[in-house]
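Me: I would like to go through a structure with you, one element at a time. Could you keep the answers plain?

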Amino acid sequence: MSRVAYSLRPSTEDDLPFVAALGRANRAAEAQRHTGAEADDAPASIEGRFRPGRDWIVTSDDEQIGVLSLDRRADAVIVRHIALLPEFQNRGIGSALIRGVLDFAITVKLPVRLRLLKDNPARSLYERLGFAVTSEDGRRYEMTARPADA
Ligand SMILES: CC(C)(COP(=O)(O)OP(=O)(O)OC[C@H]1O[C@@H](n2cnc3c(N)ncnc32)[C@H](O)[C@@H]1OP(=O)(O)O)[C@@H](O)C(=O)NCCC(=O)NCCS
């Protein structure tokens, strides 16, 4: 599949309908992945956690195609969530976005941390980019990438 040019811009309240549609689209794809999952196994919705003005909207040709939510804490940069519309997945955008987060983390000398459901295929993407599992509970892995001097 061809590569896609993309940009990041700050989100606004007006992006909420898009973020809700993005959440629905990815939940539908995820439901196909784990048939039989209990309703309360569903991860917190990205629309429920969306922070207009603080989270980033990923765009391509000025169209919204995804969301990136980061927190800079005292001890780590946290990827709260990252999601792209299904038709824009598997084209290298997610890897490029995470590489950008890692570059930022190097400049602020902090590790990058995230959590993901154990059956999420994104684990291989994170491992390729240098993340390792640092803890886990019944449902999720916590993964951390540590720049050399963080
Ligand atoms: C996770 C996600 C942001 C990755 O971005 P991407 O542009 O699709 O990723 P890339 O093309 O750079 O890399 C491909 C890798 O993404 C991961 N991936 C692909 N489709 C995915 C999907 N539907 N869900 C989760 N991860 C996926 C896989 O690790 C894949 O590597 P593999 O082919 O070796 O298994 C994107 O797939 C997505 O939005 N998924 C749905 C939401 C989600 O699961 N977010 C992660 C929660 S931590």
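Reply: What covers the buried residues of α3 includes β2 (56–60), β3 (63–72), β4 (77–84), β5 (112–117) and α4 (122–128). Contact here requires two C-beta atoms, placed from the backbone, within 7 Å. Helices (H or I, at least four residues) and strands (E, at least two) are DSSP runs, numbered from the N terminus.

Me: What kind of model is this, and how are residues numbered?

Reply: It is a predicted model, in which local features need pLDDT of at least 70 and side-chain atom pairs count only at pLDDT 80 or more, while totals for chains, interfaces and linings use all residues. Residues are numbered from 1 along each chain as its sequence is written.

Me: Which residues of α3 are buried?

Reply: I93, G94, L97, I98 and A105 are buried in α3. A residue is called buried if 20 or more other C-beta atoms lie within 10 Å of its own, exposed if 12 or fewer, and partly exposed in between, with C-beta atoms placed from the backbone.

Me: Changing topic: is I82 buried or exposed?

Reply: I82 counts as buried because it has 22 C-beta neighbours inside 10 Å. This residue is found in strand β4. Leaving out residues up to four places away in sequence, I82 touches L68, G94 and L97. I82 and G94 are 12 residues apart in sequence, and their C-alpha atoms are 7.7 Å apart in space.

Me: What about the ligand: how many residues surround it?

Reply: The ligand is surrounded by 20 residues, and the closest are Q89, G94, S95, A122 and L125. The elements that give two or more residues to this shell are α1 (16–33), β4, α3, β5 and α4.

Me: Which element gives the largest share?

Reply: β4 does, with 4 residues. By type, the shell divides into 10 nonpolar, 9 polar and 1 charged. Ala, Val, Leu, Ile, Met, Phe, Trp, Tyr, Cys and Pro count as nonpolar, Asp, Glu, Lys and Arg as charged, and the others, Gly among them, as polar.

Me: How do β2 and β3 pair?

Reply: β2 and β3 pair in the antiparallel sense over 5 bridges; pairing requires that DSSP find at least two bridges between the strands.

Me: Lastly, which residues of α1 are buried?

Reply: V19, L22 and G23 are buried in α1. Seen down the helix axis, they fall within an arc of 100°, so they line one face of α1. Their cover includes α2 (46–49), β3 and β4.

Key:
A residue is near a molecule or strand if its C-beta atom, placed from the backbone, lies within 6 Å of it. The arc is that of the directions from the helix axis to the C-beta atoms.
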